[in-house]
Amino acid sequence: MAANRRNGMHPSEPGLVGVVSAAMALPRMSLPTVATVVAAVAALYFGREVFLPIAIALLLTFALAPLVSALKRVGIPRLPAVIASVLGAFTVLALFSFIVATQVSELAQNIPLYQSNILTKVRSLKETGVGGGVIARLSEAIERVGQELDRQETSPPAADQPRRDPVPVEIIARERPLQVLQNLIGPVISPLASAGLIVVVVIFMLLEREDLRDRFIRLVGYGDLHRTTEALQDAGKRVGRYLLMQLVVNIVYAIPVTAGLWILGIPNALLWGLLALALRFVPYIGPIIGALLPLFLALAVAPGWSLVLWTAGLFVVMEMITGNVVEPWLYGSRTGLSPLAIIVAAIFWTWLWGPLGLVLSTPLTVCLVVLGRHVPQFEFLDVLFGNEPVLEPHARLYQRLLAGDPEEATDHAEEMLEEKYLFEFYDKVAIAALLLGEQDRVRGVMGDEQRRRVAASAQMLVANLDDSAREEAEEDDDPATAEPAPADKDKQAQAEGEDDTELPDGTDMSVLCAGGRGELDDAAAAMLAQVLEVQGATVSKASFADMDPTGIRRLELDAVDTVVVGFLNRDSVKHARFLVRRLKRARSALRVGIVFWSKDGDDKKTEVEWTNDINADFVAFGMVEAVLGALSSDPPVALKVAAKRRMRRRPRPARKAPLAAAK
């Protein structure tokens, strides 16, 4: 209770100074110039012949670094560990490529055997009239277009020019044996040379990893060793973990697919399993491409349609199991990227570097996000591509309330209520959102219409959470779902760093919750009222308009034990003192509490000083304190009678005798 009590601000300070100061203290994001970004993209595009092998080598270095470290811990020296890791990795890649090439060659030889099955299915579609003859009409249209393209159009010769017969021309190409050999070997040498260059670069990067790290730190981050070291470790951990976990997920996916295709009788099942393993590194479209090729082959192998359906079912089931079971189980497969960022990155890197850029898009974007997370100048990369929320929960909720969208605000609240209690959500998120609204009102940037819209959306949010409040109240009443023992609860709360205050039972208690000076105060009072209802109290609500002298006389206070009035503006001390006097004069046995809602702050006054100043029964600054004060059984504080000021008469000066009398 004392911990929450110290969260306010001194009333003599300007209203909401803590919130304004916190907002002003936020770091400003410095964006690089457009020219810098354009120059970097142009360098990557025109220098792709140089940067692409280096990027592949860098990612392979991230992937093989943990293996090299493990071999060094076993006792193997660095050089043999690096060579063994690199040769092992590239041997696996070469074996993979050899098996795929062999399977593709075998498949190419058998394709003419499947032509009859494809023609049979096409004829069956024509005979059954599927699509109302669409296939027939498309075939005729394609045939007519082909005939039109093959037709040679000749213009009639001019009348004044004699017609000449065409002269046949024969082109004889004489290539030298060396040129023929170059044309045959050239396309093969280029990929092998690139692969060899990548192998050499990976070996040297692994051997000189510490030296390269030191040089990078000296180049870009010597002034902040802590931040640069953290960025390098984060990048290596994220990329290495992503590649390793993605490889494990793809293997777990490819083995059942290969076995299933072999059982179904799909030719070259090993080829399709290996392609499925490799194509799953391509985000989103990779699994689709890996499934389309076996489906087309299943269409060509069997004359019926059952094999196609069984093959499609196999891929659908494996994709669902992998996406919903395997990947969530392997926690390390998370990349820290949003789904939209993965798609945009795939498009960008494909345009930049072609198919290899598509495969490398996710790990390269992970490196950019890590750069933006640790380097302030590139913070926009983390904001654009990261999956972390860029707005705090209370700011996000206030934005939805400001837009007049209580439904999305309710969805946001229900997501948080899966992990938090209702009073925690209101205390840490909803009240903080209303404080942002009050801050905008004080600054004069919120009009009356916007203020009413925010207040109405907040009231609708509270109404939408009635079901959640009712479920929480039933859980508290159910012994089977009772909370753990106090000792265990205290240990858990201390471990999580949360307040372990237990809210009291409000059965047989009646509380009136009212707003202080505006519609936003009414919304905060509605939130407090709902929390009190969860605790079992009988709650009624009053608007800020009911708190004027005439409205207080009309309130039915006979059956009310406590009245709680809330203010979002901390400059309302005088008004709070006035309301306390009015309420206690209306009913002397009434307990009156004042809540100065606050998110963070530091009070210079104690609770006793606050209550004595306002003459209230209690003064609270958060949801927990407000509930504790409203459901307290303490006797009401007597109203202090203000001492009447007596007019002090100044002694009159002695009258001077007239001049004539003096004489």
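## Reading strands, a helix and a pocket

Student: This is a predicted model, and I would like to begin with the strands: in β3, what is the bridge partner of Cys513?

Tutor: The partner of Cys513 in β3 is Val564. That pair belongs to the contact between strand β1 (residues 510-515) and β3, which run parallel and are joined by 5 bridges.

Student: How many of the residues of β3 are buried?

Tutor: The count is 6 of its 6 residues, so β3 is mostly covered, where buried means under 20% relative accessible area. Both faces are covered, with Thr562, Val564 and Gly566 on one side and Val563, Val565 and Phe567 on the other.

Student: In which sense do β3 and β4 pair, parallel or antiparallel?

Tutor: Strand β3 (residues 562-567) pairs with β4 in the parallel sense, over 6 bridges, and within this pairing Val563 stands opposite Val592 of β4. Between the two strands the chain passes through helix α25 (residues 573-586), and this β-α-β crossover is right-handed.

Student: Why is β4 described as largely enclosed by the rest of the structure?

Tutor: The description follows from burial, because 6 of the 6 residues of strand β4 (residues 591-596) are buried. Arg591, Gly593 and Val595 point one way, Val592, Ile594 and Phe596 point the other way, and all are buried. On β4 there is also a parallel pairing with strand β5 (residues 618-620), over 3 bridges, in which Val595 stands opposite Ala620.

Student: Turning to helices, how far apart are the end C-alpha atoms of α5, and what span should its residues give?

Tutor: Helix α5 (residues 78-110) has 33 residues, which at 1.5 Å a residue should span 48 Å, and its end C-alpha atoms are 48 Å apart, which agrees.

Student: Which residues of α5 are buried?

Tutor: The general idea is that an α-helix has 3.6 residues a turn, so residues three or four places apart point the same way. In α5 the buried residues are Ala81, Val82, Ser85, Val86, Phe90, Val100, Gln103 and Leu107.

Student: How should I read the second largest pocket, and which residues lie nearest its centre?

Tutor: Rolling a probe the size of a water molecule over the atoms shows where empty space is left. Here the second largest pocket holds about 1,800 Å³ of space, and among its 46 lining residues Ile56, Leu60, Leu93, Phe281 and Val359 lie nearest the centre. By class, the lining comprises 38 nonpolar, 6 polar and 2 charged residues.

Student: Which helix gives the most to that lining?

Tutor: That is α4, with 11 residues, while the helices that each supply at least two residues include α4 (48-74), α5, α8 (177-207) and α10 (225-264).

Student: Finally, is Ser338 buried or exposed?

Tutor: Ser338 is buried, with a relative accessible area of 16%, although its place is in the loop between α13 (306-329) and α14 (339-353). Ser338 and Leu384 lie 46 residues apart in sequence, and their C-alpha atoms are 8.7 Å apart in space.

How values were computed. Residues are numbered from 1 along each chain as its sequence is written. This is a predicted model: local features need pLDDT of at least 70, side-chain atom pairs count only at pLDDT 80 or more; totals for chains, interfaces and linings use all residues. Side-chain values use heavy atoms; hydrogens and water are left out. Buried means under 20% relative accessible area, exposed over 50%, partly exposed in between (1.4 Å probe, protein chains only). Helices (H or I, at least four residues) and strands (E, at least two) are DSSP runs, numbered from the N terminus. Two strands pair if DSSP finds at least two bridges between them. A crossover is right-handed if, with the strands pointing away from the viewer, the path from the first strand over the helix to the second runs clockwise. The expected span of a helix is 1.5 Å times one less than its number of residues. On a 1 Å grid over the protein atoms alone, a cavity is a set of points where a 1.4 Å probe fits but cannot get out, and a pocket is an open set with protein on both sides within 12 Å along at least five of seven lines; lining residues have an atom within 4 Å of a point. Grid points are joined across faces, edges and corners, and a volume is the space filled by probe spheres set on the points. Ala, Val, Leu, Ile, Met, Phe, Trp, Tyr, Cys and Pro count as nonpolar, Asp, Glu, Lys and Arg as charged, and the others, Gly among them, as polar.
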